[in-house]
Amino acid sequence: MEIPTKYNFSLSRQPIAMHILHVVGARPNFMKAAPVLAALAGYKGVRQTLIHTGQHYDANMSDIFFEQLDMPAPDLDLGVGSGSHARQTAEIITRFEPVVTDPKPSLVLVYGDVNSTMAAAIVCSKLLIPVGHVEAGLRSGDRSMPEEINRLITDQLSDLLFTPSPDGDENLLREGIDPGKIHRVGNVMIDTLVRLLPRSAAHLPVGLPERYMLVTLHRPSNVDDLPWLSSLLTGLAELGRELAMDVVFPLHPRTRQRLSGLDLPAFPGNDFHLLDPQPYLSFLALQQAAALVITDSGGVQEETSYLGVPCFTMRENTERPVTVAMGTNHLIGRDVGRLRTEVSRIGDGEKKLPLPIPLWDGHAAERIAHVVTEWFREK
Ligand code: UD1
């Protein structure tokens with residue numbers, strides 16, 4: 001894979017009068033925005049505003065991340081909260097519009113693929129405010145996932161598209177995006193991981209066994225289908241017994257709610273450790289110390305690949321194919337039998353050895369800051 005050469009960091013660092021407004025809303029946005037805010041703070045004359053939509057609002061889904069990631073407190077919290085997709089998106093659109101109407105910022109940066117990302121992009125495009133999308137171009141090809149719709153719409157409406165890997169560029173080109181708007185900068189989530197990994201070990205939750213499998217599940221396709229969720233949990237308990245490993249399972253609020261409607265299978269011994277949602281540093285430590293990770297999260301596929309920890313993704317598709325091709329990710333689908341087969345291969349010594357993924361190097365946000373400021377100077 002070729003490393004972009006168009007970023008010449010020796011270019012001008014003259015002060016510029018630019019106002020950048022960042023929009024975050026849900027847990028996975030925070031670790032992506034933090035390094036970009038920090039990188040842009042190094043540019044004289046760049047004013048930054050941080051807007052939290054309030055899509056995630058529990059302290060352990062939001063506040064603790066700001067603290068641990070050393071992020072400034074949001075300048076404004078729109079307080080939208082939960083709701084159906086239509087209601088949540090409409091609330092964000094309604095409450096965000098007056099924030100950017102007068103005066104208009106020079107650029108709005110949006111992150112990832114959550115409802116807040118798409119809603120902010122729609123508002124800006126109607127007001128002719130330029131939008132930059134961080135983590136552009138990812139595609140699962142599965143339009144039954146709300147995130148895929150958010151990705152497609154946000155990318156179509158963006159003026160600057162920052163991709164983490166070559167598949168992102170290819171997807172955007174196939175969809176007719178002007179190549180001049182596409183900037184392959186690498187993975188900002190890995191910037192945060194690289195910075196905070198040295199601090200994380202001290203945050204490993206206490207009282208856990210030395211060998212465990214870490215589980216995270218929150219996608220509607222896994223947790224809203226109760227018969228499937230029940231058979232998956234039974235499968236995990238059996239797998240734990242076979243491998244003589246406990247299961248450590250931090251619960252997303254949606255998952256906790258669904259589990260309360262289930263007769264949980266009997267887990268002999270103390271096999272399952274059901275935890276609250278974990279702060280960033282604790283979850284990073286949990287990933288690093290895990291024997292293996294079973295997930296349906298996008299970010300976890302990336303983080304385990306970087307850490308070299310085997311990852312088994314309980315989804316039929318992934319918008320992050322580079323983690324399968326070069327990282328430690330195995331795409332399992334909704335199939336407990338396949339999970340057991342693939343996990344047992346690791347036990348037989350067939351562990352995937354991750355290759356370094358180009359530009360997942362801790363410097364993606366610096367590249368974004370450079371592109372953004374040069375784009376503004378040239379406008
Ligand atoms: C959202 C994102 C998803 C991302 C996930 C990370 C969309 C469409 N989905 O999904 O891509 O992987 O965040 O967590 O934007 N809840 C709380 N407290 C909170 C937030 C949510 O209790 O602070 C509960 C509510 O019951 C809510 C449910 O969780 O209805 C789902 O929250 P929501 O923001 O709608 O979507 P997520 O499933 O978190």
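**From the sheet to the ligand**

Strand β6 (residues 160-163) runs parallel to β7, and 3 bridges join the two; strands here are DSSP runs of E with at least two residues, helices are runs of H or I with at least four, and both are numbered from the N terminus. Within this pairing, leucine 161 has isoleucine 182 of β7 as its bridge partner. The model is a predicted one, in which local features need pLDDT of at least 70 and side-chain atom pairs count only at pLDDT 80 or more, while totals for chains, interfaces and linings use all residues. Residues are numbered from 1 along each chain as its sequence is written, and side-chain values use heavy atoms, with hydrogens and water left out.

β6 and β7 belong to an open sheet of 7 strands with parallel pairing, in the order β3-β2-β1-β4-β5-β6-β7, where two strands pair if DSSP finds at least two bridges between them. At its edges are β3 (76-77) and β7 (182-184), each of which pairs on one side only.

Around the ligand there are 18 residues, the closest being Gln55, His56, Glu147, His218 and His252; a residue counts as near if one of its heavy atoms lies within 4 Å. This shell divides into 5 nonpolar, 8 polar and 5 charged residues, with Ala, Val, Leu, Ile, Met, Phe, Trp, Tyr, Cys and Pro taken as nonpolar, Asp, Glu, Lys and Arg as charged, and the others, Gly among them, as polar. The helices α1 (27-40), α3 (85-101) and α10 (253-259) each supply at least two residues of the shell.

An oxygen atom of the ligand lies 2.9 Å from a polar backbone atom of tyrosine 57, and a backbone N or O atom of asparagine 115 is likewise 2.9 Å from a ligand oxygen. In the side chain of histidine 218, an N or O atom is 2.8 Å from an oxygen atom of the ligand.

Two loop residues remain. Proline 103, in the loop between α3 and β4 (107-111), is joined to aspartate 102 by a cis peptide bond with omega about 0°. Aspartate 70, in the loop between α2 (63-68) and β3, has a positive phi near 55° although the residue is not glycine.

Technical notes
A polar contact is a pair of N or O atoms within 3.5 Å; within protein, one must be able to donate a hydrogen and the other to accept it, and residues adjacent in sequence count only if both atoms are side-chain atoms.
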